[in-house]
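Me: I would like to learn how to read a few features in a structure like this one. Please give the general idea and then the case at hand.

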Amino acid sequence: MRAVQFDQYGGPEVLHLAEAPEPHAAAGQVRIAVEAAAVNPMDWKIRSGSVAEQMPLGLPAIPGLDASGVVDEVGDGVQGVAVGDRVFGNGSAVTAEYAVLKAFALVPTSLSFVEAAALPVSVETSARVLDLLDLHPGQLVLVDGAAGGVGTTLVQLAKARGLKVVGTASEGSHELLRELGAIPTTYGPGLADRTHALVDEPFAGALDVAGKGGVPDLVALTGDPSRVVSIADFGAAAQGVQVSDGSAGHAFYALGEVAKLVEEGTFRVVVENTFPWSQAAKAHELSQAGHVRGKIVLTVER
């Protein structure tokens with residue numbers, strides 16, 4: 001099969017199309033003919049070699065964690081999914097003609113393959129961090145970095161679970177946050193004062209998905225470091241903050257939850273850019289530059 005690959009660690013320019021062995025579905029997995037694959041920050045961190053010590057790879061390697069497509073192999077024990085079904089989900093090495101998914105759900109009829117590919121990592125991460133805080137309907141939560149791929153999903157999932165949300169983003173993204181149901185404010189120094197001017201009630205939790213140094217402000221807002229979760233600032237654990245990287249377990253159960261919300265018309269998938277997979281380097285460069293609203297998705301050309 002053809003796949004996007006890199007033979008050495010480096011910048012976006014190391015990505016290229018090449019031949020690779022086809023994968024096959026093991027027990028509990030499905031294989032798909034890939035239609036679209038998302039670009040996540042973890043993809044370019046792996047490609048750059050910055051996490052090579054924690055996540056060693058055999059090279060050449062194929063990037064990608066999120067994909068959508070049509071099932072063409074079903075592993076032993078899989079129920080509710082058959083060859084020919086449209087699915088989206090999470091795996092590894094998915095930016096290829098064929099990919100194996102370990103967690104998956106049926107694509108809602110109203111979604112394109114591009115939109116569906118944008119969901120898995122963002123949905124799993126959002127559900128995982130919300131579960132860690134054990135929040136209850138009516139409580140107030142702050143999302144620091146609310147306009148990105150995880151942030152836009154997190155805002156909507158929190159709202160669907162009955163929470164009130166304040167989200168930080170640059171001013172150009174404030175209208176988007178309002179449309180998604182959050183009260184917007186800017187990020188950076190003075191966050192506590194700005195949010196207290198917007199809402200006159202305590203924050204039951206705060207979520208750092210940006211990793212831009214805002215954790216001390218989030219601790220000040222909640223009054224308790226244990227009520228703060230970060231997915232992006234791994235030094236925050238020294239401050240008593242919960243840091244989550246998925247190593248303690250995942251929340252892929254939420255793929256079905258969000259698929260239902262999409263079908264009900266209460267969840268919007270935010271995709272900023274779509275590129276053909278031959279432009280994977282450009283997509284990685286854009287993601288790595290930051291300030292992406294929603295997700296970047298690659299489409300497979302056949």
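Me: Which residue's side chain meets that of Glu22 in a salt bridge?

Reply: Side chains of opposite charge can pair when their charged atoms come close. In this predicted model, the partner of Glu22 is Arg31, with 2.8 Å from N to O.

Me: Are Glu22 and Arg31 buried or exposed?

Reply: Glu22 has 39% relative accessibility and therefore counts as partly exposed. Arg31 has a relative accessible area of 6%, so Arg31 is buried, the cut-off for buried being under 20%.

Me: With which other residue does Arg31 form a salt bridge?

Reply: With Asp72; the closest N and O atoms of Arg31 and Asp72 are 2.8 Å apart. Arg31 belongs to strand 3 (residues 30-39) and Asp72 to strand 4 (residues 66-74), so this pair ties together parts 41 residues apart in sequence. Asp72 is partly exposed, at 28% relative accessibility.

Me: Which residues are linked in a network of salt bridges?

Reply: The network links Glu22, Arg31, Asp72 and Glu73.

Me: How many salt bridges does the structure hold?

Reply: There are 11 salt bridges in the structure. One further pair is Arg302 and Glu35, whose side chains meet at 4.0 Å, N to O. Arg302 sits in the segment after strand 14 (295-299), while Glu35 is in strand 3, so the pair ties together parts that are 267 residues apart in sequence. Arg302 is exposed, with a relative accessible area of 56%, whereas Glu35 is partly exposed at 30% relative accessibility.

Me: Now to helices. Which residues of helix 8 are buried?

Reply: Helix 8 spans residues 254-264, and its buried residues are Ala254, Leu255, Val258, Ala259, Leu261 and Val262. They lie on the same side of helix 8 because they cover an arc of only 160° around the axis.

Me: What covers the buried residues of helix 8?

Reply: The cover includes strand 5 (86-91) and strand 6 (98-106), together with helix 3 (120-133) and helix 4 (149-160).

Me: How should I read the packing of helix 3 and helix 8, and at what angle do their axes cross?

Reply: Two packed helices are described by the angle between their axes and the distance between the axes. Here the axes of helix 3 and helix 8 cross at roughly 110° and come within 9 Å. Helix 3 is therefore roughly perpendicular to helix 8. Helix 3 contributes Pro120, Val123 and Ala127 to the contact, and helix 8 contributes Ala254, Leu255 and Val258. By class, the contact of helix 3 with helix 8 has six nonpolar residues, no polar and no charged ones.

Me: Which residue follows helix 8?

Reply: Gly265 follows helix 8, and its phi is positive, near 80°.

Me: Which residues does Ser173 touch, not counting residues up to four places away in sequence?

Reply: With those left out, Ser173 touches Ala147 and Arg293.

Technical notes
Residues numbered from 1 in each chain as written. Predicted model: local features only at pLDDT ≥ 70, side-chain atom pairs only at ≥ 80, totals over all residues. Heavy atoms only, no water. Buried < 20%, exposed > 50% of the residue type's maximum accessible area, 1.4 Å probe, protein only. Helix = DSSP H or I, 4+ residues; strand = E, 2+ residues; numbered from the N terminus. Arc of directions from axis to C-beta. Contact = heavy atoms within 4.5 Å. Axes fitted to C-alpha atoms, helices over the stretch in contact; angles between N-to-C directions. Parallel < 35°, antiparallel > 145°, perpendicular 65-115°, else oblique. Nonpolar A, V, L, I, M, F, W, Y, C, P; charged D, E, K, R; others polar.
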